[in-house]
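Student: I have a structure open and want to learn how to read it. Where do we begin?
Tutor: Look at the picture, then ask about one feature at a time.

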Amino acid sequence: MNQNWPVADLDPLRRLRVMAAAIPGTDLAELTIDAPPEAVWQVVSNLRVEMPRLVRDFRTVTVTPGSGDRLVMHARGYLGQRARFDVVIRPGWCWMQSRFLLCGMAAVPDPSGTRFGFLGGIRAPGVTLLHPLLHLIGPAAVRLDRLETDVQQHLRQQ
Amino acid sequence: MSLIDAAEHAATAGLPDLVRAAQAGDSMAMAELLDVVAPYVGRLCGPIALDDGADAAQEALITIFTQIRQLRDPAALFGWVRVIAIREAVRVARKARRATPADLQDVPARGDPQLAADVRDVLGRLAPHHRAILVLRDLEGLDEQTVSDMLAVSTGTAKSRLHRARRRFKEEWER
């Protein structure tokens, strides 16, 4: 009978909240998007296109496939700054880590469409003044309003 | 994941290295460790916190990952996680005012096609501390001494609490 006991499911957005609460120097922003989670994820999982759209100071992004759900992302800023991110990405969940920066995204179904979360952060406390990329990430540096626009455009093109 | 499964996992899947990396601040390791631990926490919190199980699991995991550096022996991960998860599940369930058992007339009749739903309904008639001891003894298979240590009660109290919880579960199940 044990297999019939209720199980609590921790969806990707709840996981992102856990990461935000547990890692100092991170901020989490959430918004609801009037579109199915699959459509939202098709847009945001195209990191090469969407990350420069969302993160204010990412000029270009290149992505190198890895094994399984892992890949490597190289981001370049407008002043020539560079960051190499290790990435884990699967439907509804993405986690990225560079030497100094963190970024996470999650999308789950919501009665109004999709609840989307974006986490940005700094890995090492106290290094804010030392690294040129540290001000480039986090909700304040992210244009999440663009995501709704991009998703609606994506839906119109389908 | 039972206690034995957890022990086997720790022994075979490089879990100690993953824990140490998470303790050192590697967020990739934290995310991977979250994948490993979250299902186990969900199985512990679900039967105790019921409709608030996801909230309890989230709170438990926040505590676990906030305090991960305090875990001295990575091989003891699942035992440490279990203590935190049970505590958070009982706390959340009590906060949700589910400590008072519902009207017994509301217990649904037993039916095999609804077995999982019936288990959930019957658990909902029990107090959170009764659900917790059923999870620890009957789902996790822990001995009386371990359970009494985890719940900070005497072995006599744990034994009588388990007796009452099982009797209560049986009564509700057979209604």
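Student: Is the crossing of helix 7 of chain B and helix 8 of chain B left-handed or right-handed?
Tutor: Keep in mind that this is a predicted model. The crossing of these two helices is right-handed. Their axes come within 10 Å and cross at roughly 145 degrees.

Student: Which residues make the contact?
Tutor: Helix 7 of chain B brings B:Ala132, B:Ile133, B:Leu136 and B:Arg137. Helix 8 of chain B brings B:Val147, B:Met150 and B:Leu151. By class, that contact has 6 nonpolar residues, no polar ones and 1 charged.

Student: How many helices and strands are there in chain B?
Tutor: Chain B has 9 helices and 0 strands. Buried residues make up 39% of its 175 residues.

Student: Now chain A. How do I read a sheet?
Tutor: Strands of a sheet pair through backbone hydrogen bonds, either parallel or antiparallel. In chain A, 7 strands form an open sheet with antiparallel pairing, in the order 1-7-6-5-4-3-2.

Student: Why is one side of strand 1 and of strand 2 of chain A left without a neighbour in the sheet?
Tutor: Both strands stand at the edges, and each has a single partner strand, so one side of each has no neighbour there.

Student: How do strand 5 and strand 6 of chain A pair?
Tutor: Strand 5 (residues 93-97) and strand 6 (residues 101-110) of chain A are antiparallel, over 5 bridges. A:Trp93 stands opposite A:Ala106 in strand 6 of chain A.

Student: Which strands does helix 3 of chain A lie across?
Tutor: Helix 3 (residues 47-54) of chain A lies across strand 2 and strand 3 of chain A. This helix runs at about 155 degrees to strand 2 of chain A.

Terms used:
Residues are numbered from 1 along each chain as its sequence is written. Chains are lettered from A and ligands numbered from 1 in the order in which they are written. This is a predicted model: local features need pLDDT of at least 70, side-chain atom pairs count only at pLDDT 80 or more; totals for chains, interfaces and linings use all residues. Axes are lines fitted to C-alpha atoms, for helices over the stretch in contact, and angles run from 0 to 180 degrees between N-to-C directions. Helices (H or I, at least four residues) and strands (E, at least two) are DSSP runs, numbered from the N terminus. A crossing is left-handed if the near helix is turned anticlockwise from the far one by less than a right angle, and right-handed if clockwise. Two residues are in contact if their C-beta atoms, placed from the backbone, lie within 7 Å. Ala, Val, Leu, Ile, Met, Phe, Trp, Tyr, Cys and Pro count as nonpolar, Asp, Glu, Lys and Arg as charged, and the others, Gly among them, as polar. A residue is buried if 20 or more other C-beta atoms lie within 10 Å of its own, exposed if 12 or fewer, and partly exposed in between; C-beta atoms are placed from the backbone. Two strands pair if DSSP finds at least two bridges between them.
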